[in-house]
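Here are my notes on this model, point by point. Have the structure open beside you while you read.

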Amino acid sequence: MLQTSINSNESHLASDLAVKMLACDTNAEVQSQTAAIKNPFACDICSKTFSRKDTLDVHQHTHTNEKPFLCNMCGKAFSQRANLFKHYRNHTKEKPFVCEICNKAFTYKTVLKKYYVIHTNEKSFICDKCGTAFSQKGNLDKHYRTHTNEKPFVCDMCKKSFSRNDTLDAHYRTRTNEKPFICDICVKAFTQKDHLYAHYSTHTKEKPFTCEICNKQLSRKDTLDVHYRLHANEKSFVCDMWQGIFSKR
């Protein structure tokens, strides 16, 4: 009698398990069918699905590297129409994204999001080697290379390598003599954006860099570094010919 009861319980458990497994299989099949209905257009290269045919067409440009959308002002090509419209703002100087705190306007929404951390002073990305904190992960990634000495960006002309892509771009411009950063006050052109920003201070007379020792104010960071060596009597530049040491290059 006891054995019969045990067998009966085992039979019920097996039956319940079979029902649950069938329900799971059915649910998975229903979910798959629902996804297929919602996203009926599938990429034949990576199998990613989309709800609209035109969205699939745009996606496939990422595989073919096709860029059918051309800027009629500068000729730059894009794989997506939306990116072309964003690019047009560089020409029109349109800045539709405004900071709610200080009303500063930006061309791109992503730049505005990054800018907000200036107000919050939030630096949640911390280097686990030296403890330096950053507000953006990209800046932390760049900083890590100062520890690893990794230089993944290589000039295809002279094979010189760099730790940052923007430094490689600046290096290319020294070869081509391209100067895309133009002062809108005096039209002087520069190969690097930070050189343009430093130049602006000659017009505004702004001196944002202050010596912590004597409180002298200077317009450029590199000038402040040279100034500090005058206090420390540091002489960092050595002449290779007769070993004279100087505080300025």
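1. Let's start with a salt bridge, meaning a side-chain nitrogen of Lys or Arg within 4 Å of a carboxyl oxygen of Asp or Glu. Asp-141 makes one with Lys-137, with 3.1 Å between the closest N and O atoms. Both residues belong to helix H5 (residues 137–148) and sit four residues apart, about one turn of the helix. On accessibility, buried means under 20% relative accessible area, exposed over 50%, and partly exposed in between (1.4 Å probe, protein chains only). Asp-141 comes out as partly exposed at 30%, and Lys-137 is also partly exposed, at 47%.

2. A word on what you're looking at. This is a predicted model, where local features need pLDDT of at least 70 and side-chain atom pairs count only at pLDDT 80 or more, while totals for chains, interfaces and linings use all residues. Residues are numbered from 1 along each chain as its sequence is written, and side-chain values use heavy atoms, with hydrogens and water left out.

3. How confident is the predictor, in terms of mean pLDDT for the chain? The mean is 75, and 78% of the residues reach 70 or more; pLDDT is the predictor's confidence in each residue, from 0 to 100. Over residues 241–247 the pLDDT is below 50, and this stretch has 17 contacts in the model beyond near neighbours in sequence. A contact here means heavy atoms within 4.5 Å.

4. For the overall layout, the chain has eight helices and 16 strands. These are DSSP runs numbered from the N terminus: helices are H or I with at least four residues, strands are E with at least two. Of the 249 residues in the chain, 17% are buried. Among contacts with a separation of 6 or more, residues 24 or more positions apart account for 0%.

5. The UniProt record, an unreviewed entry, carries the annotation "domain: C2H2-type" over residues 41–68, 69–96, 97–124, 125–152, 153–180, 181–208 and 209–236. UniProt positions are given in the numbering used here, feature names are shortened, and annotations may be inferred rather than shown by experiment. Take residues 41–68: 43% helix, 14% strand, and 21 Å between the end C-alpha atoms. Residues 153–180 also give 43% helix and 14% strand, with the end C-alpha atoms 21 Å apart.

6. Back to H5, which has 12 residues and reaches 17 Å from its first C-alpha to its last, close to the 16 Å expected at 1.5 Å a residue. That expected span is 1.5 Å times one less than the number of residues. Leu-140, His-143 and Arg-145 are buried in H5. The buried residues of the helix pack against strand E7 (125–126), strand E8 (133–134) and E9.

7. Just after H5, Asn-149 takes a positive phi of about 60 degrees, although it is not a glycine. Asn-149 is in the loop between H5 and strand E9 (153–154), and it counts as exposed at 57% relative accessibility. Asn-103 has a positive phi too, near 70 degrees. Asn-103 lies in the loop between strand E5 (97–98) and strand E6 (105–106), and is exposed at 59%.

8. Helix H7 (residues 193–204) is worth a look as well: 12 residues, with a reach of 17 Å that is close to the expected 16 Å. Its buried residues are Leu-196, His-199 and Ser-201, and they pack against strand E11 (181–182) and strand E12 (189–190). Lys-205 follows H7 with a positive phi, near 65 degrees.

9. Leaving aside neighbours within four places in sequence, Thr-191 is in contact with Arg-173, Glu-178, Lys-179, Pro-180 and Phe-181.

10. The largest nonpolar core has five residues: Phe-69, Cys-71, Phe-78, Leu-84 and Tyr-88. A nonpolar core is a set of buried Ala, Val, Leu, Ile, Met, Phe, Trp, Tyr and Cys residues joined through side-chain atoms within 4.5 Å. Not counting residues up to four places away in sequence, Tyr-88 touches Leu-70, Cys-71, Asn-72 and Met-73.

11. Finally, the structure holds two salt bridges. Asp-166 is partly exposed at 34%, and Arg-164 is partly exposed at 32%.
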